[in-house]
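Please keep the sequence and the model in view while reading.

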Amino acid sequence: MNFAVQAALLLASRARREREAQRTRELEALVQITASLRDARSADDVIHAISSMSHVVLNARQAIYLSYDPASDTLNSTTTHGLPSQTPVHSQRRGQGLSWAAIAARDVIRVNNMDADQRILRVDGVGGGACLIAPLQTPDRLLGVLVVIRSHPFGENDAQLARTLAAQGVTALERAERIRAMEEGREGILAALGRALEARDFETQGHTTRVLDLALQVGRRMDLAPEELRELRDGAYLHDLGKVQIPDAVLLKPGPLTADEWVIMRQHSPAGEELARHIPGLSLHALQVIRHHHERWDGTGYPDGLSGPAIPLLARIFSVCDVFDALTSTRPYKCPWTVQDALDEIRRQSGVNFDPQVVQAFLTVMAEPRAQPSRGGPASLHPRLPPRQPGE
């Protein structure tokens with residue numbers, strides 16, 4: 001009798017320790033899931049994090065994320081882990097396969113032997129074993145499905161972890177969508193401001209859009225991070241914001257500016273930065289583009305006379321693209337330069353006006369197959385109007 005009691009106590013203690021260990025593993029997994037999804041800003045980042053975490057918390061050999069496309073009412077593989085990079089896109093029509101069954105059940109489905117279950121849709125590169133299917137959905141909306149595969153069966157504890165991963169994924173995806181909507185709305189406002197500034201300055205139509213597009217190409221060539229590209233974009237939209245404070249007599253003057261007028265004109269850079277500081281969410285680096293895009297590599301620019309690497313990188317990138325577009329555009333004080341003559345001028349100013357590394361990236365981008373802008377005639381200035389500094 002005593003032996004039986006002792007055995008029962010030992011078994012109960014062992015079961016309790018196993019439950020505690022499992023609970024610890026679940027809490028650790030929850031911390032990992034939360035940390036992995038916390039900083040994901042885009043839907044792609046979230047989906048990548050969800051798929052990656054399945055390897056960690058579910059010991060998955062392979063993972064497939066199927067995004068829901070409401071237009072075609074299909075599930076389509078957008079992210080895979082553990083599969084060959086050339087794996088073709090896998091698509092499932094409504095009602096086809098276990099993914100739709102999990103969606104209908106609104107819960108995780110587990111299959112211990114994929115080879116023995118006829119409901120499994122075969123995907124190239126996916127071997128046998130067990131699979132777990134977790135839908136990502138809200139009460140009124142389907143976002144996608146996570147399919148994870150491993151050699152040994154999934155238990156109820158795995159299913160609970162998958163539910164947690166899916167729930168956290170839904171929250172992160174909805175947050176990413178809200179961020180995207182806010183950024184798109186904010187970008188629209190900045191773009192409208194940029195166009196309004198063009199209209200007042202009588203810039204060639206589309207100047208801001210052209211310079212922005214070119215600057216982003218150069219930025220990608222220089223391996224800028226996505227956040228840096230966003231900051232470059234924001235600064236580009238507002239680079240001439242300070243010109244709203246420049247009197248028309250100076251801003252629109254068709255001939256050369258006097259020394260006193262140049263003092264006034266050069267105030268637009270710090271004035272633009274000061275105005276832009278009142279725009280919520282504008283980063284320091286975007287403000288630096290506004291303030292410093294007229295600095296020169298040799299230190300003779302304005303407003304602060306910065307030189308070399310002391311000039312913020314995004315401002316250095318924007319400066320080259322801004323001057324190129326100014327040279328190849330019609331302005332009140334000059335005729336347009338040809339593209340080739342403008343490229344030659346940019347090359348000559350490398351190490352003087354511009355960062356040599358930025359110039360090299362710019363010239364590489366311009367040498368790539370692309371539609372060159374049609375800018376008209378020869379590289380001549382208006383015969384009666386001497387030039388201002390390029391980019392003014």
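Leaving aside its neighbours within four places in sequence, with which residues is Asp-158 in contact? The model in which this is examined is a predicted one.

## Asp-158 in helix α4

Beyond its neighbours within four places in sequence, Asp-158 is in contact with Leu-58, Leu-132, Arg-150 and Pro-153. Asp-158 belongs to helix α4, which covers residues 156-201.

Is Asp-158 buried or exposed? Its relative accessibility is 15%, and because buried means under 20% relative accessible area, Asp-158 counts as buried.

## The pair of helices α6 and α10

In general, a pair of packed helices is described by the distance between their axes and the angle between those axes. For helix α6 (residues 226-237) and helix α10 (residues 284-292), the axes come within 8 Å and cross at roughly 40°. Angles under 35 degrees count as roughly parallel and those from 65 to 115 as roughly perpendicular, so α6 and α10 are oblique to each other. Their crossing is right-handed.

Which residues make the contact? From α6 come Glu-231, Leu-232, Asp-234, Gly-235 and Ala-236, while α10 provides His-285, Ala-286, Val-289 and Ile-290. Sorted by class, the contact of α6 with α10 has five nonpolar, two polar and two charged residues.

## Leu-216 in helix α5

Helix α5 spans residues 207-221 and includes Leu-216. The relative accessible area of Leu-216 is 14%; since the limit for a buried residue is under 20%, Leu-216 is buried.

Apart from neighbours within four places in sequence, Leu-216 is in contact with Leu-229, Leu-232 and Arg-233. Among them, Leu-232 is also one of the α6 residues that make the contact with α10.

Where does Asp-240 lie? Asp-240 is found in the loop between α6 and α7, the latter being residues 248-251. With a relative accessible area of 7%, Asp-240 is under the 20% limit and is therefore buried. The side chains of Asp-240 and His-239 are joined by a polar contact of 3.3 Å.

Methods:
Residues numbered from 1 in each chain as written. Predicted model: local features only at pLDDT ≥ 70, side-chain atom pairs only at ≥ 80, totals over all residues. Heavy atoms only, no water. Helix = DSSP H or I, 4+ residues; strand = E, 2+ residues; numbered from the N terminus. Buried < 20%, exposed > 50% of the residue type's maximum accessible area, 1.4 Å probe, protein only. Contact = heavy atoms within 4.5 Å. Axes fitted to C-alpha atoms, helices over the stretch in contact; angles between N-to-C directions. Parallel < 35°, antiparallel > 145°, perpendicular 65-115°, else oblique. Left-handed = near helix turned anticlockwise from the far one by under 90°. Nonpolar A, V, L, I, M, F, W, Y, C, P; charged D, E, K, R; others polar. Polar contact = N/O pair within 3.5 Å; in protein donor to acceptor, adjacent residues only side chain to side chain.
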